[in-house]
Amino acid sequence: MLRYLLSLFIVFTFTLACSKDNTVEEMKPEIPIDMEKPDSQSNKSIQMWIDAHANFSRFATQANITSYLEKIKETGFNEIYVDVKPGIGYALYDSDILPKLTQWDNETVNRDWDYLGYIIEEAERLKINVIASISTLGFGYTRAQQGLVYDDNRWDGKTQMAMVDQNPDNIEDIRTRSDVDAALLNPALPEVQSFVISIIEEIITKYPKLKGICLDYCRWYNNDSGRYYGFEDATLAAFEAHSGVELTSKNDIITSAGGMGPLFSRWTEFRSMTITNLITNIRSKIKAIHPEMELHLWASAHWASRYGVAQNWASKKYVPSGLPYTATYNTTGFADQLDVFSLGAYAEAVWKSENPGSDWSVENFVTTYDRYTMGDCKVVGSIGTYAYGSKAASISDAVYLCLKNTDGVMVFELSHVINNNQWAAIKDGINRGLK
């Protein structure tokens, strides 16, 4: 025993001497070099959006779906958004409510298999999460007067209407336009909200393996050409009931000169509240059926312009001031109703230095969103790669900025990636962003 202790003492003394003597190589503990590293992608959503119209014929066969899903996986994506109820108002899933989508413009695709079901099956094999995207209020393709709201007169009076040229007698149905993205239903009508929710209920009930539902076009249409939508008689009556005021003229909202009338701010709050109520009701339905299923929503990252379409994606804790907001506009914030907000940083400029003095850059959007959302939900930065064409550096930088500053990245959209061969640039941005 004494000999053992003496040996131990000698080793200890030698070790101390080595640590002090620069001429003796420092004794270092052995560190394993093959330690399993944590999956750096596991806590970042890396998403590809698959648009229904742009890929309608491309995804006509199961072989093509499999091929592109494998390419998506190889590039580094772990989630996909799949349009299953696009703005035409027909279904790309097995629906008992909506007609099956087989024709769009001059393209015809007939499938004897379940489009969404097959994508979920293949994505599961590849360990890719699937979020089903819907054009929430879009039910007609205006460019061809095609879709659900054109099929019969049951939709008369249920679509959004605008006052044209600030003339109270000139009210235009969105169905008559040929230059809007989709003919949108009126979210202020209880029957419209019930119809939309029934579609979502059907999707999540039939496809329980979905990670979530993403709401797109969950808004009033925008005020292009000076048009604000929401001038239907039923909507204005609901506005009066909500605000406790009586309209003497539609020009109390928007003046005959096109300015903000004395009731514009209250009308803005009311329109925002209709959207927030719809989102809240959708969330309640989803969580009642599948508590773990996520609710996502895409909207433009430019919050200051969102009052025009009534999309207050901010936290209720965020209180704006001045026109066009009321003192209670913050109560319409819906960030707390979302699990994931897809922040639409669709800007041609990637870095602020490319567009100085402007809000419109990817860098600005992905570094300022939290002043609005205030931690109420996860936020994933999304980019429109159509803006960059074959500019590999811009694509890589945009992906990198989203990954570094938000909870992930969403790339819009598959057809642009294919047509501009952006795969390598995206992969480079992913690799940089995950370091």
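User: In this predicted model, which residues does Asp-105 touch, leaving aside residues up to four places away in sequence?

Analyst: With those sequence neighbours left out, Asp-105 touches His-53, Tyr-141, Ala-144 and Gln-146.

User: How should I read the packing of two helices, for example helix 10 and helix 12?

Analyst: Two packed helices are described by the angle between their axes and by the distance between those axes. Here the axes of helix 10 (residues 392–405) and helix 12 (residues 423–433) come within 7 Å and cross at roughly 35°, and the crossing is right-handed. From helix 10 the contact includes Ala-392, Ile-395, Val-399, Tyr-400 and Leu-403, which face a set in helix 12 that includes Ala-425, Ile-426, Ile-430 and Arg-432. By class, the residues of this contact divide into eight nonpolar, three polar and four charged.

User: Which residues of helix 2 meet helix 12, and at what angle do these two helices pack?

Analyst: Helix 2 (residues 62–75) packs against helix 12 at an angle of about 35°, with the axes 9 Å apart. Tyr-68, Lys-71, Ile-72, Glu-74 and Thr-75 of helix 2 meet Trp-423, Ile-426, Lys-427 and Ile-430 of helix 12, a contact that divides into five nonpolar residues, one polar and three charged.

User: What does Ile-72 touch beyond its sequence neighbours, and which residues touch the most other members of the largest nonpolar core?

Analyst: In soluble globular proteins, nonpolar side chains tend to be buried together. The largest nonpolar core here has 128 residues, and Met-48, Ile-50, Ile-72, Ile-80, Ile-203, Leu-210 and Leu-215 touch the most other members. Not counting residues up to four places away in sequence, Ile-72 touches Met-48, Ile-50, Phe-77, Ile-80, Ile-128, Leu-414 and Trp-423. A second, separate core of ten residues includes Trp-49, Ile-131, Cys-214 and Met-410.

User: How far apart are the end C-alpha atoms of helix 5, and what covers its buried residues?

Analyst: At 1.5 Å a residue, the 17 residues of helix 5 (residues 190–206) should span 24 Å, and the end C-alpha atoms are 24 Å apart, which agrees. Its buried residues include Val-192, Phe-195, Glu-202 and Ile-203, and their cover includes strand 2 (79–85), strand 5 (129–135), helix 4 (148–151), strand 8 (212–216) and helix 7 (264–289).

Notes: Residues are numbered from 1 along each chain as its sequence is written. This is a predicted model: local features need pLDDT of at least 70, side-chain atom pairs count only at pLDDT 80 or more; totals for chains, interfaces and linings use all residues. Side-chain values use heavy atoms; hydrogens and water are left out. Helices (H or I, at least four residues) and strands (E, at least two) are DSSP runs, numbered from the N terminus. The expected span of a helix is 1.5 Å times one less than its number of residues. Buried means under 20% relative accessible area, exposed over 50%, partly exposed in between (1.4 Å probe, protein chains only). Contact means heavy atoms within 4.5 Å. A nonpolar core is a set of buried Ala, Val, Leu, Ile, Met, Phe, Trp, Tyr and Cys residues joined through side-chain atoms within 4.5 Å. Axes are lines fitted to C-alpha atoms, for helices over the stretch in contact, and angles run from 0 to 180 degrees between N-to-C directions. A crossing is left-handed if the near helix is turned anticlockwise from the far one by less than a right angle, and right-handed if clockwise. Ala, Val, Leu, Ile, Met, Phe, Trp, Tyr, Cys and Pro count as nonpolar, Asp, Glu, Lys and Arg as charged, and the others, Gly among them, as polar.
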